Amino acid sequence: MPEAAPAEAPAGQEPDALRFGKPRITIVKPIANPLPQPATTDQSQADTIDPSRFGARQPDAAYGAYQRGLYKTAYNLALVRAKNGDPAAQTLVAELLSRGLGVPLNAAEAAKWYAAAAERGIPEAQFQYALMLIDGTYVKKDIKEAHALMQAAAEAGNTLAQFNFAQLLVQEDGGDAGLARAAPYYERAAESGLPDAQYAMAQLYANGVGGKKQDDAKARVLLLKAARQNYDTAEIDLAQWLIDGRGGKRDLKAGFQWMKLAADGGNVAAQNRLAKLYWGGIGVEPDIVLAAAWYIVARRAGLIDNQMEDFMGGLTEDETRQALQKANRLR
């Protein structure tokens, strides 16, 4: 039987994952897709819409129809006003066209209406049109104009624009100066509750960059906030920080629970790390069969960890068989 894994075992070839106890500073995820797919339930999607997205006032009957999931009616009502230059209605028309709600999806036409509303200062339209300018699929790519529109939407308080504008700044200048310019926008989005931004701010504090002094306690609080919103990378980091006692009290059981949550959610790096926790009995009773099972799940997803490969080679035939059975149930 193989020896127990050390608490800080090498992470192996975890794809795009953090090493144990060493947070990365390649910040969060890429700029959002400008054309999100339609929700499977139109009504549930409509219920989440904030009328402020369509301008300072509600587009009246059109917005009301949109809220109730009457998308074709909303489109017909909004289109009349959009053609008369109402920027809130223009934004709503663009929203419906870009998502294919009540009308055939038409991203090129949506871009025209987003552009019109953006010129009239509607933050949601500025944000969406900026994304289209960055993408360059349905309009001519124009990073300079996208930068200006994204900044305008961010300054107007659009949380997603704040985060994505920070991303633009980091892409434009990957050094500490870029992070320092981005930090206020990450911070504002984090304060609004965006988990991506909370994770980004955690990294700034964890590494003492972007004009922030290193502060593991603040970083851990932010990781917890993002993890509570099911942000899986934050769940992994928080798990390891709890295990290591970084930024606060050491808590092996809580660390294990957060790692398992990320693994159950399908994060491959977390599945591999969870295998090591089961192997070493860190925050949980040692269980080499479950350790092997979780590593098998991660390996099937393409992750190869040399340490875990050695571990697998030390299992008995019966242990391997049990692990395979458990892995099949974990999928």
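Which residue forms a salt bridge with D318, and how far apart are the closest N and O atoms? The partner is R321, with the closest N and O atoms 2.3 Å apart. This is a predicted model, in which local features need pLDDT of at least 70, side-chain atom pairs count only at pLDDT 80 or more, and totals for chains, interfaces and linings use all residues. Residues are numbered from 1 along each chain as its sequence is written, and side-chain values use heavy atoms, with hydrogens and water left out.

**View 1. Salt bridge between D318 and R321 in helix α17.** A salt bridge here is a side-chain nitrogen of Lys or Arg within 4 Å of a carboxyl oxygen of Asp or Glu. D318 and R321 both belong to helix α17 (residues 317–330), where they sit three residues apart, about one turn of the helix. Helices are DSSP runs (H or I, at least four residues), numbered from the N terminus. D318 is partly exposed, with a relative accessible area of 38%, and R321 is partly exposed at 41%. For these labels, buried means under 20% relative accessible area, exposed means over 50%, and partly exposed is in between (1.4 Å probe, protein chains only).

**View 2. Salt bridge between E109 and K112 in helix α5.** A search of the whole structure finds 10 salt bridges. In one of them the side chains of E109 and K112 meet, at 3.8 Å from N to O. Both residues lie in helix α5 (residues 107–119), three residues apart, about one turn of the helix. E109 is partly exposed at 27% relative accessibility, whereas K112 is exposed at 57%.

**View 3. Salt bridge between E155 and R188.** The side chains of E155 and R188 meet at 3.4 Å, N to O. This pair links distant parts of the chain, with E155 in helix α7 (residues 143–155) and R188 in helix α9 (residues 176–191), 33 residues apart. E155 is partly exposed at 43% relative accessibility, and R188 is partly exposed at 30%.

**View 4. A148 in helix α7.** A148 is partly exposed, with a relative accessible area of 40%. The C-alpha atoms of A148 and F165 are separated by 9.3 Å, and the two residues are 17 residues apart along the chain.

**View 5. Aromatic pair of Y66 and Y71.** The whole structure contains six aromatic pairs according to the search. The pair of Y66 and Y71 is edge-to-face, with 5.6 Å centre to centre and 70° between the planes. Rings of Phe, Tyr and Trp (its six-membered ring) pair if their centres lie within 6.5 Å; planes under 30 degrees apart count as stacked, over 60 as edge-to-face and the rest as tilted. Y66 is buried, with a relative accessible area of 0%, and Y71 is buried at 4%.

**View 6. Aromatic pair of F256 and Y278.** F256 and Y278 are edge-to-face, 5.2 Å centre to centre and with 85° between the planes. F256 lies in helix α13 (residues 252–264) and Y278 in helix α14 (residues 268–280), so the pair ties together parts that are 22 residues apart in sequence. F256 is buried at 9% relative accessibility, and Y278 is buried at 8%.

**View 7. Helices α14 and α15.** The axes of α14 and helix α15 (residues 288–300) come within 8 Å and cross at roughly 165°. The two helices are therefore roughly antiparallel. Axes are lines fitted to C-alpha atoms, for helices over the stretch in contact, and angles run from 0 to 180 degrees between N-to-C directions. Angles under 35 degrees count as roughly parallel, over 145 as roughly antiparallel, 65 to 115 as roughly perpendicular and the rest as oblique. Residues of α14 that meet α15 include L274, Y278 and W279, and those of α15 that meet α14 include W294 and Y295. Contact means heavy atoms within 4.5 Å.

**View 8. Helices α6 and α8.** The axes of helix α6 (residues 123–135) and helix α8 (residues 159–172) come within 10 Å and cross at roughly 30°. This makes α6 roughly parallel to α8. F127, L131 and I134 in α6 meet L160, A161, N164 and L168 in α8.

**View 9. N230 in the loop between α11 (216–227) and α12 (232–244).** Phi of N230 is near 65°, a positive value in a residue other than glycine. N230 is exposed, with a relative accessible area of 59%.
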